[in-house]
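Hi,

Here is the structure I promised to pass on. Have a look at it first, and then read my notes below.

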Amino acid sequence: MFAQGTPSATNYQHLFDLSRGGMGQVALAARKDGRFVRLYAVKRLLPLLREDTDAREMFLEEARLAGLLHHPNVVGVTDVGEDAEGPYLVMDYIEGVSAREIILSARAQGIALSISMVCSIVAQVARGLAAAHELR
């Protein structure tokens, strides 16, 4: 289970890790409410950064801004908290293939992505980034 310290966090059950970056890791988690089960992505600081004041502040600022941002090209944040494992944010889980996986698969198969597909992906990313920068 993800959380031990806050009432809302105890509702998220860790299923498996999805991704890891330079500062954080994202795991798939399930939340059960009665008979209804919904999947979420839970992002946490890496264990080695939990005591780093600057990293914690950046993470919490990201969580604050992400919680205020509602845009079709940005994953929504539904919960933020802290427990024995440090700060976390809970995001909607978007099932699908990442842009990285598309690029690697195309490269492995010797397929060039169409310019229109690449432009569409870049435009969507840019719209999401613009919304985040406008909010900040």
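Let's start with Arg38, which is partly exposed because its relative accessible area is 37%. (Buried means under 20% relative accessible area, exposed over 50%, and partly exposed in between, using a 1.4 Å probe and protein chains only.) Before going on, note that this is a predicted model: local features need pLDDT of at least 70, side-chain atom pairs count only at pLDDT 80 or more, and totals for chains, interfaces and linings use all residues. Residues are numbered from 1 along each chain as its sequence is written, and side-chain values use heavy atoms, with hydrogens and water left out.

**Salt bridges**

Arg38 pairs with Asp92 in a salt bridge, with 3.3 Å between the closest N and O atoms. (That term means a side-chain nitrogen of Lys or Arg within 4 Å of a carboxyl oxygen of Asp or Glu.) Arg38 sits in strand β3 and Asp92 in strand β5, 54 residues apart. Asp92 is also partly exposed, at 23% relative accessibility. Helices (H or I, at least four residues) and strands (E, at least two) are DSSP runs, numbered from the N terminus.

The structure has six salt bridges. Another one of them joins Arg44 and Asp83 at 2.8 Å, N to O. Arg44 is in β3 and Asp83 in β4, so this pair ties together parts 39 residues apart in sequence. Both Arg44 and Asp83 are buried. Arg44 also meets Glu85 in a salt bridge, at 3.9 Å, N to O. Glu85 lies in the loop between β4 and β5, so here the linked parts are 41 residues apart in sequence.

In what order do the five strands lie? They form an open, antiparallel sheet in the order β1-β2-β3-β5-β4. (Two strands pair if DSSP finds at least two bridges between them.) β1 (12-20) and β4 (77-83) are at the edges with a single partner strand each, so one side of each has no neighbour in the sheet. Between β3 (residues 36-45) and β5 (residues 86-92) there are five bridges, and Ala41 has Met91 as its bridge partner in β5.

**The aromatic pair**

There is one aromatic pair. Tyr12 and Tyr40 have ring centres 5.5 Å apart and planes at 85 degrees, so they are edge-to-face. (Rings of Phe, Tyr and Trp, the last by its six-membered ring, pair if their centres lie within 6.5 Å; planes under 30 degrees apart count as stacked, over 60 as edge-to-face and the rest as tilted.) Tyr12 is buried at 3%, and Tyr40 is buried at 8%.

Cheers
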